[in-house]
Amino acid sequence: MTEAPTRTVAARTTGLTKVYGKDDAEVRALDGVSVEIYAGEYTAVMGPSGSGKSTLMHCMAALDNPTNGIVEIGDVELSTLKDKALTELRRDRIGFVFQAFNLVPTLTAEENILLPLSIAGQKPEPGWYDTVIDTVGLRDRLRHRPHEMSGGQQQRVACARALVSRPSIVFADEPTGNLDSTSGAEVLGFLRRSATEFGQTIVMVTHDPIAASYTDRVIFLADGLVVDEMRSPTAESVLEHMTALQTRAMES
Amino acid sequence: MLRVTLRNLLARKLRLLLSAFAIVLGVAFLSGSLIFTDTMGKSFDNIVSGTVSDASVRLTGLDLGGGGFTDAINIDSRSIPASLVPKLADAPGVARADGSVDGQGLFVVKKNGKLLGGTGAPTLSFNFSDAPNANGDKTVRISKGRAPRAGEVALDQKSAKSSGYAIGDTVNMVTAGDQPKVQAKLVGYAEFTGGGLAGASLVFFDTRTAQDLFLGGKDAYTSIGLTAEDGVSQQQVVDAVKPLLPQNAEAITGKKAADEIKSIVNTVLGFLNTFLLIFAAIALVVGTFLIINTFSILVAQRSRELALLRALGASRPQVTRSVLVEAATVGLIGSTLGLGLGFGLAAALRALFANFGLDLTGSPLVFEAETAVISYVVGVLVTMFAAYLPARRAARIAPVAAMRDDIALPEGSIRRRLVVGVVLAILGAGLMTTGLIGEGGSGASQVGLGIFSILMAIALMSPVLAIPVLVAMGRVYRRLFGTVGQLATQNSRRNPRRTAATASALMIGLALVTTMSVLGASINKSIDVGVKKEFTSDYLVSNAIGQPFSPKIAEDIKAVEGVKTVAPTQTASAKIDGDRTNITAGDSRALGEIFDIDYLKGGPALQDGQIALNEDEAESLGAKVGDTVKLGFASGKVPLKVVGIYKSTYVVTNAITPFSTITAGQVQRADSAIAVNAEAGADQAALGKRLEAATKAFPTVTVQNQDDFADAQRSQVDQLLYLIYALLGLAIIIAVLGIVNTLALSVIERTREVGLLRAVGLSRGQLRRMVRLEAIAIAVLGALLGIAAGLLFGIVLQKAVADQGITDLAIPWLRLVIFVLVAGLVGVLAAVLPARRAAKLNVLRAITTE
């Protein structure tokens with residue numbers, strides 16, 4: 001494992017703990033997770049069900065409050081922010097791609113893409129907007145409503161929406177979970193290019209080793225703890241790792 | 001299946017409670033009206049049964065039930081000679097006979113100079129006697145003090161108290177007779193043994209005094225009460241006295257007398273009941289929209305679950321039934337709560353009417369089993385009816401939908417709605433037309449039905465009609481509020497049926513409010529125009545309370561300095577060719593000096609036995625100058641020669657005839673209004689003051705100049721208008737609840753979307769604004785549709801009644817603009833809770849919601 005000292009940290013968690021329920025019913029979804037996400041990298045978070053990967057992402061993306069520990073996006077510590085500031089942080093510095101697309105059905109593709117900007121009352125940078133549209137290959141679909149598009153197209157709209165405001169970090173939650181393999185590959189390829197060509201920081205939660213193989217780095221979670229990480233993953237190496245993790249979990 | 005239904009109900013308590021609330025309000029109004037009118041009926045029954053004797057002798061021709069609200073009051077000047085009383089007492093089977101003087105037109109003047117009672121419950125004046133009622137009790141009893149002797153008076157205690165008199169005080173009174181001012185010493189408090197007065201005032205004199213005041217001093221009575229000997233029936237008494245009666249008198253049994261009074265009371269109560277029930281019906285119709293909408297949304301939200309039921313083998317009727325059972329339960333709960341609230345409402349109505357002088361606070365609320373039955377039947381049926389359409393749609397969900405991700409509930413076709421809507425609109429227009437051509441009650445109900453049909457047609461077509469309004473609002477919103485505004489209008493257009501149905505509820509209320517406003521404004525304008533053009537006297541001394549006053553007042557006024565011409569008129573009720581109408585008796589020469597009465601043919605009726613008719617009356621009678629018409633009074637018919645036909649005018653009624661006609665009809669001379677013109681060059685304001693001073697002792701009359709008169713007329717119209725606004729307010733409250741419900745359910749339905757918007761950076765404030773803007777869009781849509789419909793109705797109705805005096809159309813634009821603004825405000829209020837709910841949603845949970 002090589003760590004280049006020149007990498008900048010885009011987001012960081014320190015001793016992140018999230019506890020659901022109380023007493024007997026207590027579930028420790030995160031049990032002191034400390035990770036750093038590096039700027040310009042495409043990072044995957046993997047782990048078996050219940051490992052806490054989604055919770056980690058929700059806490060990092062300012063959608064959920066941790067029970068303990070610190071989350072920083074850039075140099076901002078989230079726990080110091082009130083709802084309004086958190087909303088603005090999400091709006092201006094974070095992009096989202098969800099498993100279930102989550103487009104606004106009443107808006108056209110173009111309007112959906114521009115939604116975070118228009119909520120903020122901003123205009124897109126013309127060059128960047130065109131770049132994004134061309135990269136996702138949606139130029140002829142801009143006037144369509146979500147229900148007139150395929151799942152893959154909808155997810156590409158969602159990706160474009162996440163990118164168009166040039167957020168410091170994009171969180172993608174199982175973005176290919178609802179897609180067939182061809183559409184999934186399109187979306188993953190697009191995310192890969194965003195990182196490579198535009199230096200976009202991306203964090204993707206997934207349980208699919210093939211999806212993980214598109215990334216620069218994979219962080220493995222189990223039982224609310226970071227158990228391992230891997231650079232330059234391939235589908236095979238990830239699958240091996242996952243199998244090993246699951247076997248360990250069953251044995252314990 | 002039933003278990004699934006009940007589980008559903010429990011799981012969605014709050015939503016169903018909201019829709020049940022519409023039923024609660026509607027049923028409350030319904031049951032409240034019924035309870036209140038039953039209470040009124042019961043308390044009148046008590047009064048009637050306590051005051052009617054075994055049998056009575058009265059004058060013939062008393063047309064008890066025939067009078068309408070607008071008919072003038074005639075004081076009968078006939079009487080029955082006192083000498084008849086001992087003769088009747090001697091008749092076989094008659095135990096005793098008691099002469100009764102029933103005085104009219106007498107009012108008590110309170111200690112502060114104001115009138116007691118007035119426009120509310122009447123003042124009843126009698127000679128005091130110990131005559132028994134049909135139950136064998138004394139009709140009247142003295143509760144404190146003693147019975148009045150000459151120059152003395154007894155009042156009921158409540159009236160005495162509210163007018164500030166105590167036993168020993170001198171009571172001031174005014175009459176419509178030759179002795180306009182009366183003073184008497186209060187010596188006792190009297191009450192009806194049967195109990196209850198419903199707010200009426202009782203005044204008792206000794207017989208001699210009563211005869212002086214009301215019968216011109218003749219030793220006579222207005223009626224004679226007969227008491228049967230033991231074992232003699234009421235009918236036997238009537239038969240026994242019949243041969244003894246003079247030609248102008250008749251005998252009736254106590255039962256018949258009571259029935260007659262009850263039927264009048266019931267007619268009046270019927271009007272009141274109908275009036276109130278119309279508003280209850282409006283509330284229920286509006287509530288129906290709310291329920292349809294709620295159930296539609298609930299069914300839509302549950303479509304996957306319903307599809308699953310179908311997939312598991314539930315039949316279509318089973319699914320329909322499960323929704324209907326849910327509706328019935330909601331209806332049952334709503335009706336029960338509504339009945340409870342109805343009691344409160346009846347009590348509120350009782351208090352309200354007590355304020356107007358119809359005081360029933362002494363009698364307990366009457367709750368008939370019928371009220372409960374009607375309330376439940378109406379409440380449950382309306383709910384089930386409203387839920388039927390969504391229920392049927394629920395059953396049409398294909399079982400395979402359970403497996404699919406995105407379920408669209410099958411929707412009825414818009415085209416079919418349009419077709420049905422157009423048919424309904426045409427039907428409504430037809431009904432309105434025939435109703436307006438037709439007359440009376442059936443005409444009015446046809447017009448009502450027509451309006452109802454057109455409103456329903458608009459409601460049906462509203463998903464289409466809404467589009468231009470929502471598109472226009474979308475433009476405005478987008479410009480003013482950017483993306484948030486755009487999201488809001490697009491939300492409202494997402495399900496046009498739902499938005500339109502929600503708006504329709506408000507539309508109905510506002511359509512009626514607008515109709516009434518247009519009519520009210522038109523009436524007021526017509527009054528203004530008419531008054532300016534025709535009301536040419538300098539002053540008008542008129543009755544303040546719709547009761548005739550003493551002709552002596554005109555003589556006082558003649559003596560006032562600066563007065564040139566005095567034209568007293570008496571408005572009397574008479575039948576011309578069998579149709580009851582109001583006629584004006586007066587001196588046509590004096591009237592002609594003050595008013596510009598335009599004789600189209602012939603001239604004024606100056607001589608005894610003459611009459612002039614207005615063109616409408618002449619036309620409907622087919623009478624020409626030179627013809628003879630017969631004027632029917634209680635005492636008989638008076639033939640009159642038509643000498644002129646004049647253009648219809650506000651200042652006189654359908655016919656003008658000299659005072660002698662009134663006298664010939666044996667109606668007491670009492671004035672309704674006195675027109676006064678000043679001498680040339682007289683100071684008008686000073687004259688007004690002098691006239692006020694001359695009539696100060698008579699609170700029954702008011703002195704008005706042109707402006708005062710127009711104001712007074714207008715304020716009557718406005719009062720009625722405000723009352724109707726208040727009653728329609730209920731329908732509007734229900735409509736607002738509908739908006740709350742729709743929005744709240746929409747927010748729940750769009751949980752995931754709301755979460756997404758929040759995730760991508762929509763602030764709580766922006767989210768609240770979005771919901772608020774959607775609410776405003778719905779409310780303003782309803783307001784605009786309603787105002788458009790109301791304008792249509794108002795204008796059509798005004799044109800239809802243009803020949804009945806509402807000649808000028810006025811559209812209260814400012815008021816209409818205010819309605820739209822208020823509707824917007826209503827939208828803001830309706831959005832408070834749903835917006836808060838949306839803003840409170842946990843972003844994370846919202847996104848992950850399935």
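**Exercise 1.** Which residues does B:A779 touch, not counting residues up to four places away in sequence?

*Solution.* Start with the criterion: two residues are in contact if their C-beta atoms, placed from the backbone, lie within 7 Å. With residues up to four places away in sequence left out, B:A779 touches B:L506, B:I739, B:A823, B:G824, B:V826, B:G827 and B:A830.

A note before we go on: this is a predicted model, in which local features need pLDDT of at least 70, side-chain atom pairs count only at pLDDT 80 or more, and totals for chains, interfaces and linings use all residues. Residues are numbered from 1 along each chain as its sequence is written, while chains are lettered from A and ligands numbered from 1 in the order in which they are written.

**Exercise 2.** Place B:G99 in chain B, and decide: is B:G99 buried or exposed?

*Solution.* Next, apply the burial rule, with C-beta atoms placed from the backbone: buried takes 20 or more other C-beta atoms within 10 Å, exposed 12 or fewer, and partly exposed lies in between. B:G99 is buried, because 26 other C-beta atoms lie within 10 Å. Finally, list its partners: beyond four places in sequence, B:G99 touches B:A82, B:V85, B:Y221 and B:I224.

**Exercise 3.** Describe how domain 2 and domain 4 of chain B meet.

*Solution.* Begin with the bounds, which come from an automatic or database domain assignment: domain 2 covers 53-253 and domain 4 covers 539-704. Their centres, taken over C-alpha atoms, are 30 Å apart. Domain 2 of chain B brings 30 residues to the contact and domain 4 of chain B brings 25.

**Exercise 4.** How many residues does each chain give to the contact between chain B and chain A?

*Solution.* Count each side: 18 residues come from chain B and 21 from chain A. Then look at the elements: α12 (440-494), α20 (751-759), α21 (764-800) and α23 (843-848) of chain B each supply at least two residues of the side that touches chain A. The largest share of that side, five residues, is from α12(B).

**Exercise 5.** Characterise the fold of chain A.

*Solution.* Chain A has eight helices and 10 strands. Of its 252 residues, 47% are buried. Along the principal axes, the C-alpha trace of chain A spans about 55 × 40 × 40 Å.

Key: Helices (H or I, at least four residues) and strands (E, at least two) are DSSP runs, numbered from the N terminus.
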